[in-house]
Amino acid sequence: MLKNIPGTVLEWNDALSQNAFAVLSPVLSVTKGLTLSQLKELTGLEGSTIQNWVKRGWVERPSGKRYGEQQIVRIILINMLRSSMQLEKIIALMRYINGEVDDRSDDIIPDRRLFSVICSVISQVDKKQTVDKAIIKEIIENELTDYVGPNEDSKQKLESAVFCMVLGFFSAEIKKEAEAEFSKLFE
């Protein structure tokens, strides 16, 4: 059962299944972004980790000392997958979908919508209590029924990337469960 919004320490609830980022939108509209310390609280990441991702060009530089929606979503997406994938592979996957981090013209889907799609798929898979690949692919196809991308192959690329990300998320969750079971053996 989902406990947190993927990539964050915020508590999950089913109302967020169609728009997991909605919980942050009111805060961002008032504050015009999050500071590094607020972002640390949101994600559970160290500030140096976030700054390293910015330095490497994986996340856009903050405006002033505030991280906006685009940077926050990107950080959450990377954080969501880093337990199961190498960082370089996560970035390659993000580039596969949306090209360069600071160029919106090569994006096939905004990061915010990507995050919402992933969270919706994760929520649906979690409710079915199975990690069956065929079921996951069907859920992704249903989730992206109305998606029209900028290129002929955009939808196929997006479906493949979301599938990889969802599998990555669940593999990390299964790994946590295995480690918890292992610990019980030696209590």
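The model is predicted, so local features need pLDDT of at least 70 and side-chain atom pairs count only at pLDDT 80 or more, while totals for chains, interfaces and linings use all residues. Residues are numbered from 1 along each chain as its sequence is written, and side-chain values use heavy atoms, with hydrogens and water left out.

Gln70 is found in helix 4, residues 69-81 (helices are DSSP runs of H or I with at least four residues, numbered from the N terminus). Leaving aside residues up to four places away in sequence, Gln70 touches Glu60, Arg104 and Asp111, where contact means heavy atoms within 4.5 Å.

Next, select helix 5 (residues 87-98) together with helix 8 (residues 154-185), which pack at an angle of about 155 degrees with their axes 9 Å apart. That angle makes helix 5 roughly antiparallel to helix 8, a term for angles over 145 degrees. To see the contact itself, show Leu93, Met94, Tyr96 and Ile97 of helix 5 with Gln156, Lys157, Leu158, Ala161, Cys164 and Met165 of helix 8. These residues divide into eight nonpolar, one polar and one charged.

Stay on helix 8 and select Gly168, which has its place there. Gly168 is buried, with a relative accessible area of 6% (buried means under 20%, exposed over 50%, with a 1.4 Å probe and protein chains only). Not counting residues up to four places away in sequence, Gly168 touches Leu81 and Ser84.

Finish with two loop residues. Most residues other than glycine have a negative phi. Lys32, in the loop between helix 1 (25-31) and helix 2 (36-43), has a positive phi of about 65 degrees although it is not a glycine, and at 64% relative accessibility Lys32 counts as exposed. Gln129, in the loop between helix 6 (111-128) and helix 7 (133-143), likewise has a positive phi, near 55 degrees, and counts as exposed at 73% relative accessibility.

How values were computed:
Axes fitted to C-alpha atoms, helices over the stretch in contact; angles between N-to-C directions. Parallel < 35°, antiparallel > 145°, perpendicular 65-115°, else oblique. Nonpolar A, V, L, I, M, F, W, Y, C, P; charged D, E, K, R; others polar.
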